[in-house]
Amino acid sequence: MTPFLLEFYILFIIILMMIAYAGIEGTLRVFQYLELLVKTFVIEIKKFFLKIKLKRQLDKDYKYFQERLKEIKDNAKRNNDEN
């Protein structure tokens with residue numbers, strides 16, 4: 001017996017036992033729950049990478065605006081000193 005067939009039979013027996021124990025509706029609910037878990041995991045991964053990307057962008061913007069603020073303050077000092 002090949003490993004593929006053995007895996008198929010074991011999986012088939014597990015599904016039949018689930019149907020026998022919880023019925024068709026209960027088994028479908030379990031698979032729906034597993035599907036939602038997988039989708040949630042994918043969303044969490046996307047959220048993690050988006051968080052990293054956003055943090056990098058905000059760090060760049062923060063540095064840029066700090067430099068601009070310094071320039072504005074320097075210009076304001078020069079203008080006050082001239083007057």
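User: How far apart are the mean positions of the positive and negative charges of the chain?
Analyst: In this predicted model, the mean positions of the 15 positive and 11 negative charges are 1 Å apart.

User: What should I know about the model before I go on?
Analyst: It is a predicted model, in which local features need pLDDT of at least 70 and side-chain atom pairs count only at pLDDT 80 or more, while totals for chains, interfaces and linings use all residues. Residues are numbered from 1 along each chain as its sequence is written, and side-chain values use heavy atoms, with hydrogens and water left out.

User: How many helices and strands does the chain have?
Analyst: The chain has one helix and zero strands, where helices (H or I, at least four residues) and strands (E, at least two) are DSSP runs numbered from the N terminus. The radius of gyration is 30 Å, well over the 12 Å that the globule rule gives for 83 residues, so the chain is more spread out than a compact globule. That radius is taken over C-alpha atoms, and the globule rule is 2.2 Å times the number of residues to the power 0.38.

User: And what does the C-alpha trace span along its principal axes?
Analyst: The C-alpha trace spans about 90 × 30 × 10 Å along those axes. As an example of two positions along the chain, Glu35 and Asn75 are 40 residues apart in sequence and 59 Å apart in space, C-alpha to C-alpha.

User: What percentage of the residues count as buried?
Analyst: Of the 83 residues, 2% count as buried, a word that means under 20% relative accessible area, whereas exposed means over 50% and partly exposed lies in between (1.4 Å probe, protein chains only). The chain exposes about 8,400 Å², and carbon and sulfur atoms supply 67% of that area, as worked out by the Shrake-Rupley method with a 1.4 Å probe.

User: Is Thr27 buried or exposed?
Analyst: Thr27, which is found in helix H1, counts as buried at 4% relative accessibility. Leaving aside its neighbours within four places in sequence, Thr27 is in contact (heavy atoms within 4.5 Å) with Met18, Ile19 and Ala22.

User: Where is Met1, then?
Analyst: Met1 has its place in the segment before H1, and Met1 is exposed, with a relative accessible area of 76%. When its neighbours within four places in sequence are set aside, Met1 is in contact with Leu6 and Tyr9.

User: Back to charges: how many salt bridges are there?
Analyst: The count comes to four salt bridges, a salt bridge being a side-chain nitrogen of Lys or Arg within 4 Å of a carboxyl oxygen of Asp or Glu. In general, side chains of opposite charge can pair when their charged atoms come close.

User: Which residue pairs with Lys39?
Analyst: Lys39 forms a salt bridge with Glu35, and the closest N and O atoms are 3.4 Å apart. Both residues lie in helix H1 (residues 3-82), four residues apart, which is about one turn of the helix. Lys39 counts as partly exposed at 45% relative accessibility, and Glu35 is partly exposed too, at 43%.

User: What about Lys47 and Glu71?
Analyst: Lys47 meets Glu44 in a salt bridge at 3.5 Å, N to O, and these two lie three residues apart in helix H1, about one turn of the helix. Glu71 forms a salt bridge with Arg68, with 3.1 Å between the closest N and O atoms, and since they are three residues apart in helix H1, about one helical turn separates them. Glu71 is partly exposed at 41%, and Arg68 is partly exposed at 36%.

Methods
Lys and Arg count as positive and Asp and Glu as negative; His and the chain ends are not counted. The place of a charge is taken as NZ of Lys, CZ of Arg, CG of Asp or CD of Glu.
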